[in-house]
Amino acid sequence: MAMEASKEAIKSFHAGDIIFPEKIVQIFNDDTQERINCLPATFKKDGICGVKWVSVFPPNPAKHGIQNLSAVIILSEIEHGFPIAFMEGTLCSNMRVGAMGALAARYLAREDSTTIGIIGAGEQAKMHLIAMKTAIPSLRECFVAAKSVSEEEEFVRQMSPIVPDMQVSGTETSLEAAVSPADIIVTATSAQAPLLKAAWIRPGAFYSHVGGWEDEFAVAKLCDKIVCDDWNTVKHRTQTLSRMYQEGKLSDDDIHADLVDLVTGKKAGRESPDERIYFNAVGLAYTDIAIAYAMYLRAREAGMGQDLKIQHEMIFEHLHLKDWVRT
């Protein structure tokens, strides 16, 4: 569902059917990048306007033992402007990240891929395993490398029942052991260091880069194709590719395509079994709203959720208003 919603949203945006303003970012600590972002988007054909209100607090896991991201999403219809849904948004955000990587894998990974190697064992790593298995059903084995053996064991314990036809194994924190046998590679960490080495990447591998700076520059140089969700956005961020661009080690001409070029058939995806392909997504916030709307429709069809009766009456229509006002 999430992959299809993302795909259709990318096509709609390309066709000019989505209003997508600049996000509003409020950074509270420049050193830790603790922040809250406001990201709106409107789907004109569906008559839906939505906004994701998302907090990113990187110190949370180490400092407080809680996740570093939390979000809510509000959807409104644009005939009358009334809200139709207020949703928890963390699941949607995580699904979007996994769905974009998996959507890219449909075009860029080998269809007969059997092994996935993941560096990182958090929520994004877990969501990516589900998403990649959805995109590439032939996957049979997953190796995960984390900062500690206990994190790997938790990953194995939680994910094995979800993908029962896969063998999920830890590598005792060996990054090379996770990556070197992998047809699909995912780095999903909060590290700002080149963890992934080019020497570990086998011919034919597809690499989905999730975080900021997780691989050495040689990885991109080794790959036959580099694809982004949106290169113009990527190159102004702090990803590996961004750093290379800012240092003059990567140019616009080195980018094979944006994801929309693959979805619309403008550019080819994988063209040979031995190609090494690099995919980098920084997030297209309108796809969050597309997935949230798909979740809303599914929940409504299933009779889930509750009606909050928000704004069904004018203020002075409330019979008990006289009891509430203090002057």
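## Basis of the description

A residue is called buried under 20% relative accessible area, exposed over 50% and partly exposed in between, with a 1.4 Å probe and protein chains only. The structure is a predicted model, in which local features need pLDDT of at least 70 and side-chain atom pairs count only at pLDDT 80 or more, while totals for chains, interfaces and linings use all residues. Residues are numbered from 1 along each chain as its sequence is written, and side-chain values use heavy atoms, with hydrogens and water left out.

Helices (H or I, at least four residues) and strands (E, at least two) are DSSP runs numbered from the N terminus.

## Salt bridges

The structure contains 14 salt bridges, each defined by a side-chain nitrogen of Lys or Arg within 4 Å of a carboxyl oxygen of Asp or Glu. One of them joins Glu-154 to Lys-126, with 3.5 Å between the closest N and O atoms. This pair links distant parts of the chain, since Glu-154 belongs to helix α5 and Lys-126 to helix α4, 28 residues apart. Lys-126 counts as buried because its relative accessibility is 9%, whereas Glu-154, at 32%, is partly exposed.

Glu-275 and Lys-225 meet in another salt bridge, at 2.3 Å from N to O. Here too distant parts of the chain are linked: Glu-275 lies in the loop between α10 (259–263) and β16 (277–280), and Lys-225 in strand β14 (residues 225–228), 50 residues apart. Glu-275 is buried, with a relative accessible area of 9%, and Lys-225 is buried at 5%. Asp-112 and Arg-110 form a further bridge, their closest N and O atoms being 3.1 Å apart; Asp-112 is partly exposed at 46%, as is Arg-110 at 23%.

## Helix α5

Helix α5 spans residues 149–159, and its buried residues are Glu-152, Phe-155 and Met-159. These residues lie on the same side of α5 because they cover an arc of only 55° around the axis, the arc being that of the directions from the helix axis to the C-beta atoms. An α-helix has 3.6 residues a turn, so residues three or four places apart point the same way.

The buried residues of α5 pack against β7 (115–119), α4 (123–135), β8 (141–145) and β9 (167–170). Contact in this report means heavy atoms within 4.5 Å.

Rings of Phe, Tyr and Trp (its six-membered ring) pair if their centres lie within 6.5 Å; planes under 30 degrees apart count as stacked, over 60 as edge-to-face and the rest as tilted. By this rule there are seven aromatic pairs. Phe-20 and Tyr-286 make an edge-to-face pair, with 5.1 Å from centre to centre and 85° between the planes. Phe-20 lies in the loop between β1 (18–19) and β2 (24–29) and Tyr-286 in helix α11 (residues 285–301), so the pair ties together parts that are 266 residues apart in sequence. Phe-20 is partly exposed at 32% relative accessible area, whereas Tyr-286 is buried at 3%.

Tyr-293 and Tyr-296 form a stacked pair, 6.1 Å centre to centre with 20° between the planes. Both lie in helix α11, three residues apart, about one turn of the helix, and both are buried. Ring pairs also link Phe-13, Phe-20 and Tyr-286 into a cluster.

Not counting residues up to four places away in sequence, Thr-287 touches Ser-6, Ala-9, Ile-10, Arg-96 and Met-100.

Ala-41 is located in strand β3 (residues 34–43) and is buried, with a relative accessible area of 1%. Leaving aside neighbours within four places in sequence, its contacts include Ile-19, Phe-20, Tyr-286 and Ile-289. The C-alpha atoms of Ala-41 and Ile-19 are separated by 5.6 Å, although these residues are 22 apart along the chain.

## A nonpolar surface patch

Ile-74, Phe-86, Leu-308 and Ile-310 form a nonpolar patch on the surface, with about 370 Å² of accessible area together. Patches are made of residues with over 30% relative accessible area and no salt bridge, like charges being joined within 9 Å and nonpolar side chains (Val, Leu, Ile, Met, Phe, Trp, Tyr) within 5 Å. Accessible areas come from the Shrake-Rupley method with a 1.4 Å probe, and for residues only the protein chains shown count as cover.
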